[in-house]
Amino acid sequence: MSLLETKDLVKTFGEMHAVDHVDFIVEEGQVLALIGSNGAGKTTLVNVVSGLLPADGGSIVFKGENITAFTVNRRIRAGIARSFQLVNLFDQLSCLDNVALAIFSREGKTRKLGTFAERDREVWREATDVLHQFGLDAKRTMLAGGISQGERKLLDVAVAYALRPKLLFLDEPTSGVSTREKAPIMDVVTAIVRSERITAVIIEHDMDIVFRYSERIVVMHQGKILADGTPDEIRRNDTVTTTLLGSPVGAS
Ligand SMILES: Nc1ncnc2c1ncn2[C@@H]1O[C@H](COP(=O)(O)OP(=O)(O)O)[C@@H](O)[C@H]1O
Ligand SMILES: [Mg+2]
């Protein structure tokens, strides 16, 4: 049984078929890259699977359970988390509090912001550990709005990771950072997902990064899945190369 299986999944915006009858399968333990040019439907697919947007048709099965009608929170509890193409952080809170807030929300607890970190030592400790795993120890007390773009991207992944997902969607974890910063971010993220046995779906534009870090690649084009295979198969796939590699893949 696959970890995730969408069947005939549809999401439209007026006339735009952003996700057009998509059967998207993710096997447990994979690090999968989801690629495709700007507007291909990648983010929309992730939005529908993570529950941010309702599907207009089709179904989503996760760990054998039909989750199509689940709320975002129920999907998080089932084990699906995601980071955002444009980071989704509380800029006025410290890096530590951003992570702690995710842990509290995972536990279904609510606290007054600004006081919870001292009150709950266990959460505070876990949040500290998560920041450590992501190499952000030194930024603990800094406001999320005051760290570099590369660090913000990492922190956004750390927040999603703190939800302890089984399946983690990363929507362009290296977008907006310099080429030099991309590999270090991917090194940290992929080391963590592999050691924690998290299945990851990474949307990424940089083909060097895609070929280097993923073991399977799914290509989307105009709302549909155009190809699905190993990096070697995708490299040799003429349809993919003429459709996507003629122009820079996903220059958004
Ligand atoms: N909330 C929205 N309202 C209207 N159109 C949208 C919305 N979100 C995405 N789209 C459209 O759906 C298509 C797919 O977008 P998106 O999923 O963001 O693509 P990608 O992430 O592959 O670049 C695009 O044509 C985009 O303009
Ligand atoms: Mg996108």
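This is a predicted model: local features need pLDDT of at least 70, side-chain atom pairs count only at pLDDT 80 or more; totals for chains, interfaces and linings use all residues.
Residues are numbered from 1 along each chain as its sequence is written, and chains are lettered from A and ligands numbered from 1 in the order in which they are written.

The sheet is open and has 6 strands in the order E7-E8-E9-E4-E10-E11, with mixed pairing. Strands (E, at least two residues) and helices (H or I, at least four) are DSSP runs numbered from the N terminus, and two strands pair if DSSP finds at least two bridges between them. Strands E7 (80–82) and E11 (224–229) each have a single partner strand and stand at the edges, so one side of each has no neighbour in the sheet. On average, neighbouring strands of this sheet are turned by 20° against each other, direction ignored. Strands of a sheet pair through backbone hydrogen bonds, either parallel or antiparallel.

Strand E4 (residues 31–35) pairs in the parallel sense with strand E10 (residues 216–221) over 4 bridges. Strand E9 (residues 199–203) also pairs with E4 in the parallel sense, over 4 bridges. Ala33 has a bridge partner in each of these strands: Ile217 in E10 and Ile202 in E9. Because 5 of the 5 residues of E4 are buried, E4 is largely enclosed by the rest of the structure. A residue is buried if 20 or more other C-beta atoms, placed from the backbone, lie within 10 Å of its own, exposed if 12 or fewer do, and partly exposed in between. Val31, Ala33 and Ile35 point one way from E4, and Leu32 and Leu34 point the other way.

Next come the helices. Helix H3 (residues 95–106) packs with helix H6 (residues 149–161) at an angle of about 25°, their axes 8 Å apart. Axes are lines fitted to C-alpha atoms, for helices over the stretch in contact, and angles run from 0 to 180 degrees between N-to-C directions. H3 is therefore roughly parallel to H6, a label for angles under 35 degrees; those over 145 are roughly antiparallel, 65 to 115 roughly perpendicular and the rest oblique. Cys95, Asn98, Val99 and Ala102 of H3 make the contact with Leu155, Ala158 and Val159 of H6, contact being C-beta atoms, placed from the backbone, within 7 Å.

H6 also packs with H7, at an angle of about 15° and with the axes 10 Å apart. These two helices are therefore roughly parallel as well. On the H6 side the contact involves Gly150, Lys153, Leu154, Val157 and Tyr161, and on the H7 side Glu181, Ile185, Val188, Val189 and Ile192.

Glu181 is partly exposed because 17 other C-beta atoms lie within 10 Å. From Ala138, Glu181 is 43 residues away in sequence and 18 Å away in space, C-alpha to C-alpha.

Methods:
Two residues are in contact if their C-beta atoms, placed from the backbone, lie within 7 Å.
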